[in-house]
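Hi,

Here is the structure I promised to pass on.

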Amino acid sequence: MEAYESLGVIDEGTYGVVWRCKHKETGQVHAIKKFKESDDDEHVRKTAIREVKMLRLLNHPNIVSLVDVFRKSGKLYIVMEYVGRTVLEEIEATNKGLSDVIVKSFSYQLLWALKYMHSSNIMHRDIKPENLLVSKDKILKVCDFGFARTLAGSGAKYTD
């Protein structure tokens, strides 16, 4: 984390905290997710490793990009591209809801990302407005792959 300057917390969840950070040398802004007690809690450790694995496998314009992964003091950190807002924030920012044009654009981008994931045998399993990021240019990006998993063969059993 020494290479980054914290610009504030973006979000905090069950498994970790996400900060907006600026790389001290390049000035590039990133989102850094720090997993809580990743070495002490087996469930958190598995979730963190799963998210890193999925982000390494996926490379698509509508999926958040992995920049780096590192450990410090027993904690796992994931450095990702920073994308300004979530779909939930976009919805809440307007009194009348999103325009038809934006809804169609976001739907198309989400379906394109899902098609790519599914063709790569990956299922996200946690699509919700908070896990859909939106750039200033209205580019939608799927994030938070902690519950994602690779699809097994026909007849495989999955958790709910």
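This is a predicted model: local features need pLDDT of at least 70, side-chain atom pairs count only at pLDDT 80 or more; totals for chains, interfaces and linings use all residues.

E89 is partly exposed, with a relative accessible area of 37%; buried here means under 20% relative accessible area, exposed means over 50%, and partly exposed is what lies in between, with a 1.4 Å probe and protein chains only. E89 sits in helix α2; helices (H or I, at least four residues) and strands (E, at least two) are DSSP runs, numbered from the N terminus.

Residues are numbered from 1 along each chain as its sequence is written, and side-chain values use heavy atoms, with hydrogens and water left out.

Now the overall picture. The protein chain has three helices and ten strands, and along the sequence they come in the pattern β-β-β-α-β-β-β-α-α-β-β-β-β. The radius of gyration is 16 Å, close to the 15 Å that the globule rule gives for 160 residues, so the chain is as compact as a globular protein of that length. That radius is taken over C-alpha atoms, and the rule is 2.2 Å times the number of residues to the power 0.38. Along the principal axes, the C-alpha atoms fill a box of roughly 45 × 45 × 25 Å.

Of the 160 residues, 36% count as buried. The accessible surface comes to about 9600 Å², and 51% of that belongs to carbon and sulfur atoms; these areas come from the Shrake-Rupley method with a 1.4 Å probe, and for residues only the protein chains shown count as cover. Among contacts (heavy atoms within 4.5 Å) between residues at least 6 apart in sequence, 54% join residues at least 24 apart.

Helix α1 is worth a look. E51 is found there, and at 2% relative accessibility E51 counts as buried. What does E51 touch, leaving aside its neighbours within four places in sequence? The contacts are K33, F35, I78, D144, F145 and G146. For E51 and F145, 94 residues apart along the chain, the C-alpha separation is 4.8 Å. K53 is also in helix α1, but K53 is partly exposed at 46% relative accessibility. The C-alpha atoms of K53 and A148 are separated by 9.7 Å, and the two residues are 95 apart along the chain.

On to the pockets. A pocket is found on a 1 Å grid over the protein atoms alone, as an open set of points where a 1.4 Å probe fits, with protein on both sides within 12 Å along at least five of seven lines; lining residues have an atom within 4 Å of a point. Grid points are joined across faces, edges and corners, and a volume is the space filled by probe spheres set on the points.

The largest pocket holds about 780 Å³ of space. It is lined by 34 residues, and D11, V18, E130, N131 and D144 are the closest to its centre. The elements that give two or more residues to this lining are β1 (4-12), β2 (16-23), β3 (29-35), α1 (42-57), β5 (75-81), β6 (85-86) and α2 (87-92). β1 gives the most, with four residues. The lining divides into 14 nonpolar, eight polar and twelve charged residues, where Ala, Val, Leu, Ile, Met, Phe, Trp, Tyr, Cys and Pro count as nonpolar, Asp, Glu, Lys and Arg as charged, and the others, Gly among them, as polar.

The second largest pocket has a volume of about 160 Å³. R20, E81, Y82, V83, G84, S135, K136 and K141 line this one, and they divide into two nonpolar, two polar and four charged.

Last, two backbone details. Most residues other than glycine have a negative phi. R125 has a positive one, near 70°, and is placed in the loop between β7 (122-123) and β8 (132-134). R125 is partly exposed, with a relative accessible area of 33%. K138 has a positive phi too, about 65°, and lies in the loop between β8 and β9 (140-142). At 29% relative accessibility, K138 counts as partly exposed.

Cheers
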